[in-house]
Amino acid sequence: MSFARLLRYALSGGASAFTHFGIGFAGVHVLHLPPITASTAGFLASILVSYALQRSWVFRSSTGHALAVPRFLTVTAAAFTLNTLTVWLGTELLALPYPAVQLVALTVIPLLNYALNSRWTFSPAA
(Lines give C-alpha, C1' and ligand atoms only; values in the text may rest on other atoms or scores of the structure.)
Protein backbone atom coordinates (compact mmCIF):
# COMPACT_ATOMS: atom_id res chain seq x y z
CA MET A 1 0.00 0.00 0.00
CA SER A 2 1.71 3.14 -1.17
CA PHE A 3 1.04 6.71 -0.14
CA ALA A 4 0.55 7.64 -3.81
CA ARG A 5 -2.17 5.02 -4.23
CA LEU A 6 -3.90 6.13 -1.02
CA LEU A 7 -3.82 9.71 -2.29
CA ARG A 8 -5.31 8.62 -5.63
CA TYR A 9 -7.98 6.72 -3.70
CA ALA A 10 -8.85 9.82 -1.65
CA LEU A 11 -9.00 11.98 -4.76
CA SER A 12 -11.20 9.48 -6.57
CA GLY A 13 -13.50 9.46 -3.53
CA GLY A 14 -13.69 13.23 -3.72
CA ALA A 15 -14.55 13.08 -7.41
CA SER A 16 -17.24 10.52 -6.66
CA ALA A 17 -18.71 12.65 -3.86
CA PHE A 18 -18.61 15.76 -6.07
CA THR A 19 -20.43 13.84 -8.81
CA HIS A 20 -23.10 12.66 -6.38
CA PHE A 21 -23.63 16.13 -4.95
CA GLY A 22 -23.40 17.96 -8.27
CA ILE A 23 -25.91 15.80 -10.08
CA GLY A 24 -28.22 15.82 -7.07
CA PHE A 25 -27.98 19.60 -6.78
CA ALA A 26 -28.59 20.13 -10.50
CA GLY A 27 -31.46 17.67 -10.44
CA VAL A 28 -33.21 19.54 -7.65
CA HIS A 29 -32.39 23.13 -8.60
CA VAL A 30 -32.20 23.00 -12.39
CA LEU A 31 -34.40 20.11 -13.43
CA HIS A 32 -36.78 20.49 -10.45
CA LEU A 33 -36.70 16.78 -9.65
CA PRO A 34 -37.74 15.51 -6.24
CA PRO A 35 -34.70 15.33 -3.92
CA ILE A 36 -34.83 11.53 -3.61
CA THR A 37 -34.85 11.13 -7.39
CA ALA A 38 -32.04 13.63 -7.85
CA SER A 39 -29.92 12.10 -5.09
CA THR A 40 -30.46 8.60 -6.46
CA ALA A 41 -29.32 9.74 -9.91
CA GLY A 42 -26.27 11.36 -8.33
CA PHE A 43 -25.50 8.24 -6.31
CA LEU A 44 -25.71 5.98 -9.37
CA ALA A 45 -23.49 8.34 -11.38
CA SER A 46 -21.00 8.44 -8.52
CA ILE A 47 -20.74 4.64 -8.62
CA LEU A 48 -19.76 4.84 -12.30
CA VAL A 49 -17.17 7.54 -11.60
CA SER A 50 -15.79 5.64 -8.63
CA TYR A 51 -15.50 2.36 -10.56
CA ALA A 52 -13.82 3.99 -13.55
CA LEU A 53 -11.30 5.93 -11.47
CA GLN A 54 -10.51 3.07 -9.11
CA ARG A 55 -10.04 0.52 -11.87
CA SER A 56 -8.01 2.68 -14.23
CA TRP A 57 -6.20 5.14 -11.96
CA VAL A 58 -6.18 4.11 -8.30
CA PHE A 59 -5.45 0.40 -8.61
CA ARG A 60 -4.38 0.40 -12.29
CA SER A 61 -6.09 -2.93 -12.70
CA SER A 62 -6.31 -5.11 -15.77
CA THR A 63 -9.05 -7.25 -14.22
CA GLY A 64 -11.82 -7.60 -16.78
CA HIS A 65 -15.09 -5.75 -16.33
CA ALA A 66 -17.07 -9.01 -16.29
CA LEU A 67 -15.26 -9.95 -13.07
CA ALA A 68 -14.57 -6.52 -11.56
CA VAL A 69 -18.02 -4.92 -11.94
CA PRO A 70 -19.96 -7.52 -9.91
CA ARG A 71 -17.25 -7.48 -7.25
CA PHE A 72 -17.25 -3.69 -7.12
CA LEU A 73 -21.03 -3.59 -6.81
CA THR A 74 -20.87 -6.21 -4.05
CA VAL A 75 -18.36 -4.10 -2.10
CA THR A 76 -20.49 -0.98 -2.70
CA ALA A 77 -23.64 -2.74 -1.48
CA ALA A 78 -21.80 -4.02 1.58
CA ALA A 79 -20.52 -0.52 2.34
CA PHE A 80 -24.03 0.93 1.97
CA THR A 81 -25.40 -1.74 4.31
CA LEU A 82 -22.62 -1.20 6.84
CA ASN A 83 -23.20 2.56 6.78
CA THR A 84 -26.92 2.11 7.32
CA LEU A 85 -26.35 -0.37 10.15
CA THR A 86 -23.74 1.85 11.80
CA VAL A 87 -25.99 4.91 11.70
CA TRP A 88 -28.97 2.93 12.96
CA LEU A 89 -27.05 1.31 15.82
CA GLY A 90 -25.33 4.53 16.81
CA THR A 91 -28.29 6.87 16.66
CA GLU A 92 -31.24 4.62 17.46
CA LEU A 93 -29.86 2.05 19.89
CA LEU A 94 -27.02 3.96 21.52
CA ALA A 95 -28.63 7.43 21.19
CA LEU A 96 -25.36 8.99 20.07
CA PRO A 97 -25.36 12.22 18.07
CA TYR A 98 -25.66 11.66 14.33
CA PRO A 99 -22.54 13.68 13.34
CA ALA A 100 -20.33 11.57 15.61
CA VAL A 101 -21.80 8.31 14.34
CA GLN A 102 -21.55 9.32 10.69
CA LEU A 103 -17.96 10.45 11.22
CA VAL A 104 -17.10 6.98 12.51
CA ALA A 105 -18.78 5.40 9.48
CA LEU A 106 -17.07 7.81 7.07
CA THR A 107 -13.71 6.86 8.56
CA VAL A 108 -14.08 3.09 8.81
CA ILE A 109 -16.03 2.30 5.64
CA PRO A 110 -13.60 3.86 3.13
CA LEU A 111 -10.74 1.93 4.77
CA LEU A 112 -12.72 -1.29 4.44
CA ASN A 113 -13.61 -0.43 0.83
CA TYR A 114 -9.97 0.22 0.04
CA ALA A 115 -8.91 -3.12 1.50
CA LEU A 116 -11.63 -5.08 -0.31
CA ASN A 117 -11.21 -3.32 -3.64
CA SER A 118 -7.42 -3.57 -3.62
CA ARG A 119 -7.31 -7.22 -2.51
CA TRP A 120 -10.39 -8.61 -4.23
CA THR A 121 -12.23 -6.39 -6.72
CA PHE A 122 -9.25 -5.21 -8.74
CA SER A 123 -6.67 -7.85 -7.83
CA PRO A 124 -5.51 -10.01 -10.70
CA ALA A 125 -4.78 -12.85 -8.28
CA ALA A 126 -8.23 -12.93 -6.63
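Q: What does contact mean here, and how many of the contacts with a separation of 6 or more join residues 24 or more positions apart?

A: Contact means heavy atoms within 4.5 Å. In this predicted model, residues 24 or more positions apart account for 61% of the contacts in the protein with a separation of 6 or more.

Q: Which elements does the protein have, and in what order do they run?

A: The protein holds four helices and zero strands. Read from the N terminus, the order is α-α-α-α. The C-alpha trace spans about 40 × 40 × 25 Å along its principal axes, and 31% of the 126 residues count as buried.

Q: How is the packing of two helices described?

A: Two packed helices are described by the angle between their axes and by the distance between those axes. Take helix 3 (residues 65-93) and helix 4 (residues 98-121): their axes come within 9 Å and cross at roughly 160°. Angles over 145 degrees count as roughly antiparallel, so helix 3 is roughly antiparallel to helix 4. The crossing of this pair is right-handed.

Q: Which residues meet where helix 3 packs on helix 4?

A: From helix 3 the list includes Ala-68, Arg-71, Phe-72, Val-75, Ala-79 and Leu-82. From helix 4 it includes Tyr-98, Val-101, Ala-105, Ile-109, Leu-112 and Trp-120. Sorted by class, the contact of helix 3 with helix 4 has 13 nonpolar, nine polar and one charged residues.

Q: What span should helix 3 have, given 1.5 Å a residue?

A: The 29 residues of helix 3 should span 42 Å at 1.5 Å a residue. The end C-alpha atoms of helix 3 are 40 Å apart, which agrees.

Q: Which residues of helix 3 are buried, and what covers them?

A: A residue counts as buried when its relative accessible area is under 20%. In helix 3 the buried residues are Ala-68, Arg-71, Phe-72, Val-75, Thr-76, Ala-79, Val-87 and Gly-90. Their cover includes helix 2 (35-58) and helix 4.

Q: Which residues of helix 2 are buried, and what covers them?

A: Among the buried residues of helix 2 are Ala-38, Gly-42, Ala-45, Ile-47, Tyr-51, Arg-55 and Val-58. What covers the buried residues of helix 2 includes helix 1 (3-29), helix 3 and helix 4.

Q: Where is a positive phi found after helix 2 and after helix 3?

A: Just after helix 2, Arg-60 has a positive phi of about 45°. Helix 3 is followed by Ala-95, with a positive phi near 55°.

Methods
Residues numbered from 1 in each chain as written. Predicted model: local features only at pLDDT ≥ 70, side-chain atom pairs only at ≥ 80, totals over all residues. Heavy atoms only, no water. Axes fitted to C-alpha atoms, helices over the stretch in contact; angles between N-to-C directions. Helix = DSSP H or I, 4+ residues; strand = E, 2+ residues; numbered from the N terminus. Parallel < 35°, antiparallel > 145°, perpendicular 65-115°, else oblique. Left-handed = near helix turned anticlockwise from the far one by under 90°. Nonpolar A, V, L, I, M, F, W, Y, C, P; charged D, E, K, R; others polar. Expected span 1.5 Å × (residues − 1). Buried < 20%, exposed > 50% of the residue type's maximum accessible area, 1.4 Å probe, protein only.
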